[in-house]
Amino acid sequence: MITIKKIVVIYWSGTGNTEQMAEAVVQGIKSQEDVSVDLVAVGSASKQHVAEAHAIAFGCPSMGDEVLEESEMEPFVKSLAAEDVSGKPLALFGSYGWGEGQWMRDWEDRMKGLGAKLVAEGLILQEVPQEDGLSRCRELGEKLVQA
Ligand SMILES: Cc1cc2nc3c(=O)[nH]c(=O)nc-3n(C[C@H](O)[C@H](O)[C@H](O)COP(=O)(O)O)c2cc1C
């Protein structure tokens with residue numbers, strides 16, 4: 001029997017850079033067999049999306065001072081408990097401007113603390129993604145399915 005892996009990509013993006021990354025992650029996921037994928041802006045996401053997924057990708061740029069976006073993404077991430085993500089393959093990604101990626105390292109630590117299985121280091125790209133960066137996003141999507 002074929003099992004379809006259900007995957008969800010949940011993201012926040014202010015100026016579209018992380019959204020472009022999310023779309024490329026989805027392309028990578030769709031390039032694999034026997035998957036279904038939902039791309040959901042975090043404002044429309046619920047914990048149910050996470051609970052039902054076999055594997056998850058979250059995307060958010062560096063905002064504030066090296067933190068997650070505070071009105072939608074941070075409350076969503078904060079609402080997650082170990083029971084929601086423990087043992088699940090997870091990919092993190094996001095765009096940044098001038099920092100050194102501290103927001104992503106902190107985010108990785110939080111998600112590992114909840115028991116999520118990070119399939120790769122958080123993928124960070126500076127400002128507007130270029131073709132090589134988008135290709136790394138597609139690879140991340142492939143890896144998420146294969147995990
Ligand atoms: C209010 C605000 C705060 C930001 N804070 C940071 C920061 O702390 N570190 C950083 O590297 N970039 C920071 N940036 C830059 C964004 O991360 C960068 O422009 C990113 O490409 C935006 O992604 P998006 O198009 O998905 O919204 C900030 C941008 C804004 C608008």
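Me: How much space lies in the largest pocket?
Reply: This is a predicted model, where local features need pLDDT of at least 70, side-chain atom pairs count only at pLDDT 80 or more, and totals for chains, interfaces and linings use all residues. Residues are numbered from 1 along each chain as its sequence is written, and side-chain values use heavy atoms, without hydrogens and water. A pocket is an open set of points on a 1 Å grid over the protein atoms alone, where a 1.4 Å probe fits, with protein on both sides within 12 Å along at least five of seven lines. Counting the space filled by probe spheres set on the points, joined across faces, edges and corners, the largest pocket holds about 310 Å³.

Me: Which residues are closest to the centre of the largest pocket?
Reply: Lining residues have an atom within 4 Å of a point. The largest pocket has 19 of them, and the closest to its centre are P61, S62, M63, Y96 and G97.

Me: Which elements each supply at least two residues of that lining?
Reply: Elements are DSSP runs numbered from the N terminus: helices (H or I, at least four residues) and strands (E, at least two). For the largest pocket, the suppliers of at least two residues each are α1 (17–30) and β4 (89–96).

Me: Which element gives the largest share of the lining of the second largest pocket?
Reply: The second largest pocket has about 220 Å³ of space. Its lining has 14 residues, with A120, E121, G122, L123 and R136 closest to the centre. α5 (102–113), β6 (123–126) and α6 (131–146) give two or more residues each. The largest share, four residues, comes from α6.
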